[in-house]
Every structure is written in C-alpha cells, then in structure tokens.
Protein chains: 2
Amino acid sequence: MERREVVNREDRADPGEAKRVDRVVGERRRRRPTKSGTVLSEDVIVDCAVRLIGHQGPEALTVRKLGAALGCDPTAIYRYFRNTDDLLLAIADSLIGETLVGYRPGPDWVASLRELGLRVRDGYLRHPRVAAIAASRVTRRHNEFRAVEMGVGLLLSAGFSPVDAVRYYRVFIDTVLAHAALEASYSALAPEVRAADDRSWTETYNTLPETDYPAIGTVRVHLAEGMAGSPFEDMLDLMLESLARRV
Amino acid sequence: MERREVVNREDRADPGEAKRVDRVVGERRRRRPTKSGTVLSEDVIVDCAVRLIGHQGPEALTVRKLGAALGCDPTAIYRYFRNTDDLLLAIADSLIGETLVGYRPGPDWVASLRELGLRVRDGYLRHPRVAAIAASRVTRRHNEFRAVEMGVGLLLSAGFSPVDAVRYYRVFIDTVLAHAALEASYSALAPEVRAADDRSWTETYNTLPETDYPAIGTVRVHLAEGMAGSPFEDMLDLMLESLARRV
DNA sequence: GAATTACGTCAATGGTGTTGACATAAGATG
DNA sequence: CATCTTATGTCAACACCATTGACGTAATTC
C-alpha cells in the first residue's frame, strides 16, 4: 500500500460547505488518543476503511462501523473528512496508487495496454463500492496523470499519430473504466441479490417459450455458462485486436 | 412508453421471503383508491418513479418520496413490489422497453447491432439517473428478453455458433451498457461540478512538466479536443470490426 | 503556568427500508 | 340483496444511516 499523497482537499467543488475540515493541510496535528487508545490520522482511517471493506464487504463502510473498527466515536471521522464522499475519494486515491505499484510498460504495446487494463480492473474489483463512485467522478490527480502518460506513450510508440493516440487512449481507458465500474457495481450488490441475478439465466431464461424466443431457445444450453463469467478479457482482446489493425 | 408486461414475480429467488406479494399474477386486482384518490398499479408506480428520478435525481427514489409523489402511504408500494430492488428492476425494464420502441433488426447484422447499441445508449442518456443504478442489473423481465432475443438472433444470423453467439452477445451488451452507464453518470453530475471538472482537467494537464510527462507533452494540443466528445461510436466500431472478422 | 484550540465524545435530528397489525372496501358467492 | 373473504391502503414502530452542534479536555504554544 502506497502512502497516500496529501493534496489540498480544498480545491474540490463546493468550498463553501467546508465547515469542519478547514485547516491548512500539512500542518502538524494534535494527536489526542481516543478512548480506546488508538491515535487517529487520515492515513489510519483510510487504511482501516480499506481493510474493513476487504474483510466485511462494501456495505460495511459506514461511519458507525468504521468508528467501531477504529475504536473511536463515529463522528471523530468528521474531524478528518468533510463527509463520507470525501472519505471515499481519499480511499479511491489510495486505490489508484495501489493499482499502479510495480507497473512498468514494456516494449510490446499491446501486451502493456492489456496489463494496464487488467490492473485497473483488478483494483476496482478489489474495492467495488469505491469504484462505483470513483469511475463516474473525474479524479484528475497525480496517479491518473501517470496512467495517461503511460497509455498515450504506448500508443505513440505503437506508431499512432498524436491525434489518434489521444483518441484511442480515450476509447481504451473509458472502455476499461466503464467495464470495471460495471463489474464493480455488480459485485457490490448484496450477495442474495447477485445470486438471484445469476440464477435468472438458468431459471427464468430457460422457461421462455421457444416459439416467442427462437434465438434464446437455440442457445439455451449455453446461456448460463456464457453469462456467468466476466466478458472483460474478451472485450479487451477485441478492442486491442482492432487497434493493432488500425495502427 | 410501452405497457409493461406482467410476468410472474414468484419465480424469482428466495421464494421464502415472499410474504406480501404472493398472489397469482394476472388475476384481476382490486383497485382500491388511495386517500388522495389515485388508483395504484405497477405501471403507475413505475412511471411515477421514472418521472421522479428524472426530475429530482436518483437519490429521490425512496419509498417515502415515491409515496408522496403517488399520493399514497409509502408502504402501499410494498403491495406491488417486494422491496426497492424489485422496483428498481421494473424501472430498468421499462427503460429498456422505451429504447426498443420501433426497433427492427435488419439483414445487415453489423448495422443492426450498431443501431441497437446506439439506441440503448440514447435511452440511457435520456434517463441518466435511472441508468446509473440499473445498468448492471439483470431485470428478468419482458423487455430484456426481447433485447436478448434480438441480439443473440443477430449474432446467430451472422454465422456464429450458439456458444459464440452467447459469448459475444455478452461482450457486446456489457460494453454498450457499461459505456452508456458511464456517460450517463457523468451527465447526471451537477452542471457546475461537471464544468469545474472539465476546466480543472485542461488546466492541470497544461501545467504538467514536459520532462516528467513527455507523451502528454507530445499530444498536448490534441488533448482537450480528443477528450471532449464521446468515445462511444469509436468503441462500437472497434468492437464490431473485430466481431466481423471473427465470424 | 496560562492560554488556545484541536479533536474526541455525546446527544439529537431527520433521513432511510422494512414489517406487523389493523381497518375497510372490492369482488365473489348465495 | 346480504354475507363473506381478502386485497390492499394506512398507521405505528424498529433499526439503521449520515450529519451537526455543544461541550469538555488534553495537547500544543507562548
């Protein structure tokens, strides 16, 4: 886990709503131990939240449960983060950093883009609830710059013109992010809801009358299996295949 | 808006939890007017919910607010939908139905899939806030059946084997839905937030030091324009191009 | 050692989904 | 028309949620 970079939280939208967390960031803080003895900080809270999500599932991320996990009053969190959304963005920031740790683009641009896509997706799936929010949001932070630099650089090295490199990087990254967010929001569903969705392919779709749905009838035996896994890698390969042919 | 077909709600998961909605569907229902005089039905509730979300945003979709909008007690909704998730699926399916109105697949399977993709995306963009919550779900309802039937049928007609038809339909529809949901959630952001995001984006990228980000420096003049529009059609064409080559 | 104030705690507010009990009108049956 | 059944609208209540304002105290500063 990378140490989360301290960026000004003030430059985000709605500066007017900053009531509690208004201090100049980077100042030394008073470290007053909580009742149970732990000492809070932004990093401690973010790390604990990530662990909480990983251990108990995304729905466990509530201020109450996080407070309990930290051994402090739930509202103490509001001394460090404006609201839960602010906390989620901080978690997302740490997640992006985690995703890119150890990644180095290689000489094979197709393979490198493929790995970049898979890494982003894995990171998102590891923290689905964060992903669901972060994907629609534009973070525009340091780690995203790194990703853009790597992706555009790979496409340039492949021989694409600057215009096309930008254009296809956009297609690439949006498709990866969109799929990752979709999978993440699916895996963020309550387990019984997800199970019901899965079962529907074998149950509901198997009972559809063949006269009304001939195509579904034809592929019936393959439906459950075909709809079960993730189409991510297939999608990635389809896209990269077309890209390689267009260079 | 199409009339939503009434399918058995009982064949869904967890039959044990079906405490309230257990009647045999299709029977004539007693239409007892509410206090305010309106007569409830599944369609009335769904339509009202769609309007509510479109007008007040996705967070307005609560049983209490929906009850207020309908002019009935909030808990009356539970006579028609098992829980809010059940209601959400009905809303999603009504959205699918709206996007399919007037659509007929033609002999050219690539062009037909292309139009199907564009239609789904347009429908989602028309109701971005519904899209954001519904994209990852399997609705298990009539309009979704129709969409699956058409998509799989097109791929079969293209010459794909049943196994591949299912597999590539999944890739196709997930990619379309994922992109549509991403665009939808972006366009669902508050205008000032979106504008601020865009502005900060071009500004930040323009100030990045070229020594640290050489690729970004190379494509700098094309960045704003390349990142401005939607990559949806590019993505669609890339995907269909690869599909056509694999048949 | 006094002053300041960051921050942990507590109490409270108003929101959420959901359930069980109850009343009553709609439709069925005679 | 009268009676019965029951679908369904209403109400009260529960347990959870995020968030805020007041308050005391300990950590830092001077």
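In the predicted model, 56 residues of chain B are in contact with 54 residues of chain A. Two residues are in contact if their C-beta atoms, placed from the backbone, lie within 7 Å. Five elements of chain B give two or more residues each to the side that touches chain A: α6 (142-158), α7 (162-187), α8 (191-206), α9 (214-228) and α10 (232-246). The most comes from α7(B), with 16 residues. Helices (H or I, at least four residues) and strands (E, at least two) are DSSP runs, numbered from the N terminus. By class, this side of chain B has 32 nonpolar, 11 polar and 13 charged residues. Ala, Val, Leu, Ile, Met, Phe, Trp, Tyr, Cys and Pro count as nonpolar; Asp, Glu, Lys and Arg count as charged; the others, Gly among them, count as polar.

As this is a predicted model, local features need pLDDT of at least 70 and side-chain atom pairs count only at pLDDT 80 or more, whereas totals for chains, interfaces and linings use all residues. Residues are numbered from 1 along each chain as its sequence is written, and chains are lettered from A and ligands numbered from 1 in the order in which they are written.

Chain B superposes on chain A by a rotation of 178° with 0.8 Å of shift along its axis (RMSD 2.1 Å). The two copies are thus related as by a two-fold rotation axis. Superposition is by least squares on the C-alpha atoms of residues with pLDDT of at least 70 in both copies. Of the residues of chain B, B:Ala178 comes closest to the rotation axis, at 2.5 Å (C-alpha). Of the interface residues of chain B, 89% are also interface residues in chain A, so the copies meet through the same surface.

Chain A has 11 helices and zero strands. Buried residues (20 or more other C-beta atoms within 10 Å of their own, C-beta atoms being placed from the backbone) make up 38% of its 247 residues. Among contacts in chain A between residues at least 6 apart in sequence, 69% join residues at least 24 apart.

Within chain A, the axes of α3 (residues 84-100) and α4 (residues 109-126) come within 9 Å and cross at roughly 140°. The contact has two nonpolar, two polar and two charged residues.

Methods:
A residue is buried if 20 or more other C-beta atoms lie within 10 Å of its own, exposed if 12 or fewer, and partly exposed in between; C-beta atoms are placed from the backbone. Axes are lines fitted to C-alpha atoms, for helices over the stretch in contact, and angles run from 0 to 180 degrees between N-to-C directions.
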